[in-house]
Amino acid sequence: MPRRCWPPSVEEEEPPDDFVCPITTEVMSDPVMAADGHAYERTAIERWLATKSTSPLTGGELEHSILVPSHMLRRMIRDWEGARKAA
């Protein structure tokens, strides 16, 4: 049986905060890292950056608008969702 990264009770509760986009407040499906070091849902941060050059969380100016896919976070979210469906 695979080792779980969280207690069984968590599988029935709210998602971990790191899995939730701070813009949409929904579990992310395509998480990306922005220049502020925070993860966002790709479409949400792209819409944000279309009109702003600041961090949605800190309000500080972003050094750049490059978005980097967060493959590890995406995998963790998919594993968590799979564990919830299997429970």
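**Exercise 1.** Which strands does helix α1 lie across, and at about what angle does it run to β2?

*Solution.* The model is predicted. Begin with the sheet. Three strands form an open sheet, ordered β2-β1-β3, with antiparallel pairing. The edge strands, β2 (39–41) and β3 (68–69), each pair on one side only. Now place the helix. Helix α1, residues 42–51, lies across β1, β2 and β3. Its direction is at about 95° to β2.

**Exercise 2.** Describe the largest nonpolar core and the surroundings of Ile-45.

*Solution.* The core has 15 residues. Met-28, Ile-45, Leu-67 and Leu-73 have the most contacts inside it. At least two core residues come from each of β2, α1 and α2. Take Ile-45 next. Beyond its neighbours within four places in sequence, Ile-45 contacts Ile-23, Val-32, Tyr-40, Pro-56 and Leu-67.

**Exercise 3.** Is Ser-55 buried or exposed?

*Solution.* Locate Ser-55: it sits in the loop between α1 and β3. Buried means under 20% relative accessible area. Ser-55 has 2% relative accessibility, so it counts as buried. Leaving aside neighbours within four places in sequence, Ser-55 is in contact with Asp-36, Tyr-40, Trp-48, Gly-60 and Leu-62. A polar atom of the Ser-55 side chain also lies 3.0 Å from the backbone nitrogen of Thr-58.

Methods:
Residues numbered from 1 in each chain as written. Predicted model: local features only at pLDDT ≥ 70, side-chain atom pairs only at ≥ 80, totals over all residues. Heavy atoms only, no water. Pairing = 2+ DSSP bridges. Helix = DSSP H or I, 4+ residues; strand = E, 2+ residues; numbered from the N terminus. Contact = heavy atoms within 4.5 Å. Axes fitted to C-alpha atoms, helices over the stretch in contact; angles between N-to-C directions. Core = buried A, V, L, I, M, F, W, Y, C linked by side-chain atoms within 4.5 Å. Buried < 20%, exposed > 50% of the residue type's maximum accessible area, 1.4 Å probe, protein only. Polar contact = N/O pair within 3.5 Å; in protein donor to acceptor, adjacent residues only side chain to side chain.
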